[in-house]
Amino acid sequence: MTDSKMGHALFLHTLIRDAGGLALQHFNSRPAGFALKGPQDPVTEADLAVEQFIRSRVAAAFPDDGFLGEESGASGGENVWVVDPIDGTDNFARGIPHFCVSIAYVVNGQTRLGAIFNPCTSELYLAEKGRGATKNGLRLAVSENPPACSAVELGWSSRVSRSAYTAALHRLLDAGANVRRHGSGALALAWVAEGRTDGYAELHMNSWDALAGLLMVREAGGVTTEGADSGERLFKGGAVFAANLLLAPLMTEHSGAEAVFTG
């Protein structure tokens, strides 16, 4: 690993812990209400504060790097920090301690580093391309559960019709999968990497929600969609899929997320 990569990795480790600490402060003193960007898409004051904190730290440490944030959009350089300051904002706003900060570092259209941190549980997931994935320092590996014993999380987005999601849900249930949803796509991917669940699919997911977790699943031995970190998909998002090796064929056949393999 080069000194530059080491610098980015160590910086990311510290940055996401500090950002998570700020998010937790807001969570513990959150206001009564929240604003909505759109249907079922809450934005809290914490989203804006945490993203600005991350952006300013990145700009100070790596001024030539670019930045793509959920709240503040894209700016700057070829190598890009892709940030969701709080994934699971509806949980956050409603006092449910299942949310996270998610940060990925993309170099030449490939995710090289990923970090996901739930400050309520102190669970810190880290991944580096070619060097594996960890949770609080322990190596991660996807599950080996067969489809008949599988637990699958299915995400939802207002960008996709309800009929598409209900059809995917029916297909998964008919295939025998246990389907659930916890409200944070980034943590859902981390859970696949950890083996807590066996697969995740979402028919439209933004890059700031997905890139860190997709890298983790791949580094933990799982199968994921490719191409989410390059071209238009980096900025516009798309279908996302992640699973263990035994579940992958069933997921692509039954989840309605076949398009994820076309990039």
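**View 1. A201 sits opposite F241 of β15.** This is a predicted model, where local features need pLDDT of at least 70 and side-chain atom pairs count only at pLDDT 80 or more, while totals for chains, interfaces and linings use all residues. Residues are numbered from 1 along each chain as its sequence is written, and side-chain values use heavy atoms, with hydrogens and water left out. β13 and β15 run antiparallel, joined by five bridges. (Strands pair if DSSP finds at least two bridges between them; strands are DSSP runs of E, at least two residues, and helices are runs of H or I, at least four residues, numbered from the N terminus.) Further along this pairing, G199 has A243 as its bridge partner in β15.

View 2. Strand β11 (residues 151-154) pairs with β13 in the parallel sense, over three bridges. V152 is the residue that stands opposite G199 there. Strand β14 (residues 223-224) goes with β15 instead, antiparallel and over two bridges, and V223 stands opposite A243. (Buried is under 20% relative accessible area, exposed is over 50%, and partly exposed lies in between, using a 1.4 Å probe and protein chains only.)

**View 3. The largest nonpolar core has 35 residues.** A nonpolar core here is a set of buried Ala, Val, Leu, Ile, Met, Phe, Trp, Tyr and Cys residues joined through side-chain atoms within 4.5 Å. Those with the most contacts inside this one are V82, I116, Y125, L189, L211, L214 and M216. Elements giving two or more residues to it include β5 (80-87), α5 (185-194), β13 (199-205), α6 (207-219) and β15 (238-243). A second, separate core has 28 residues, among them F11, A46, V83 and I86.

View 4. (The expected span is 1.5 Å times one less than the number of residues.) Which residues of α2 are buried? They are A46, D47, V50, E51, I54, R55 and V58.
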